[in-house]
Amino acid sequence: MRAAVMYGAGDVRVEDRPDPKIAQPTDAVVRVVASCVCGSDLWPYASMPATGTGRPMGHEFLGVVEETGADVTGLSAGDLVVAPFTYSDNSCDYCAEGLHISCRNGGRYGFDGGQGEAVRVPHADGTLVRLPVAPDSALLPSLLALSDVMTTGHHGALTAGVTRGDTVLVVGDGAVGLCSVIAARRLGAERIVLAGRHPARTGLGRDLGATDVVAERGEEGVARIRELTGGVGKVVEAVGTRPALDTALGAVRDGGTISRLGVPQYEQGPIGPAVFMRNITLTGGASPARAYIEHLMPDVLDGTITPGRVFDETFALGRTPDAYRAMADRRVLKALIRP
């Protein structure tokens, strides 16, 4: 099969790799119908040391089940399924708590990447979610978003404690930030301030539910947010850089909550006496996507939410290196990949 492999910073290649095969009786092999490039893929794309073996890429995909192991009982060949960005058995104590990201038998894709023609999925019964649409459905982009960005945005809004009537700040106008806007609106937020500086993205953010946009950055941005809101009680930080965290901390009111969604690109943050005295709650983290897919899917199916709008360009699998370049150059918000 063909698949995208990263060999180092700026070096993504589409090459022939062994076809996935059933290795454990709980596995399934899924033929990919649609996948995408994640914003988190851009961090190694900018900094990964060169390697001679390469790293298969992609953790967001949906497709058709081609084969199942002997112990798989809930899926059959021909089922259209979406895969959350990590696999899990959906039966351990962490999964029972809705924390599938910490599944005792779970993990991340790496042997096969979603940016390819097929993937072996461990713990298929626990991981994969059957989709009640045809493989050519117009809803596929929004259903694909449930694999990561929409469930991650929902995780941020949920852990920030967003409820009806709230004022919410979303820091970051990438795909996760925009899905956080969708999630905050879905949970009933009355005012949603989107901090971002890319007009096409913030314009889409307004369409998706943002009521205000703040393009200023740093102290100027914090001052503008505080001028608009007087201090925000619920913040979703969807970037993962120290400046984004600093904006969140500067804009949140005392006693407020910040949910961090962006994969942190820093090891240390401001947690000293000044923050301590403000009684700020820092929460969030990696989304347990599997816990949210079936909860959010009805709203995708009936058109209540349309997270597929974050995909603004489609690339054939052979053009995956172009998709990475386009996203890294901020010419594309989120690239959809079609094998």
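Q: How many aromatic pairs does the structure hold?
A: The model is a predicted one. Counting ring pairs in this predicted structure gives a total of three.

Q: What is the geometry class of the pair formed by Y45 and Y324?
A: The ring centres of Y45 and Y324 are 5.2 Å apart, and the angle between the planes is 40°. Planes under 30 degrees apart would count as stacked and those over 60 as edge-to-face, with the rest as tilted. The Y45 and Y324 pair is therefore tilted.

Q: How many residues apart in sequence are the parts that Y45 and Y324 tie together?
A: Y45 belongs to helix α1, residues 42-47, while Y324 belongs to helix α12, residues 320-328. The pair thus ties together parts whose separation in sequence, in residues, is 279.

Q: Is Y324 buried or exposed?
A: The relative accessible area of Y324 is 0%. Buried means under 20%, so Y324 counts as buried.

Q: What is the geometry class of the pair formed by F61 and Y109?
A: The centres of F61 and Y109 lie 5.3 Å apart, with 70° between the planes. An angle over 60 degrees meets the cut-off, so the class of this pair is edge-to-face.

Q: Where does Y109 lie?
A: F61, the partner of Y109, lies in strand β5, residues 61-68.

Q: Which residue lies over the face of Y7?
A: The distance to the ring centre of Y7 is 3.9 Å. The residue over that face is R13.

Terms used:
Residues are numbered from 1 along each chain as its sequence is written. This is a predicted model: local features need pLDDT of at least 70, side-chain atom pairs count only at pLDDT 80 or more; totals for chains, interfaces and linings use all residues. Side-chain values use heavy atoms; hydrogens and water are left out. Rings of Phe, Tyr and Trp (its six-membered ring) pair if their centres lie within 6.5 Å; planes under 30 degrees apart count as stacked, over 60 as edge-to-face and the rest as tilted. Helices (H or I, at least four residues) and strands (E, at least two) are DSSP runs, numbered from the N terminus. Buried means under 20% relative accessible area, exposed over 50%, partly exposed in between (1.4 Å probe, protein chains only). A charge sits over a ring if NZ of Lys or CZ of Arg is within 6 Å of the ring centre and within 35 degrees of the ring normal.
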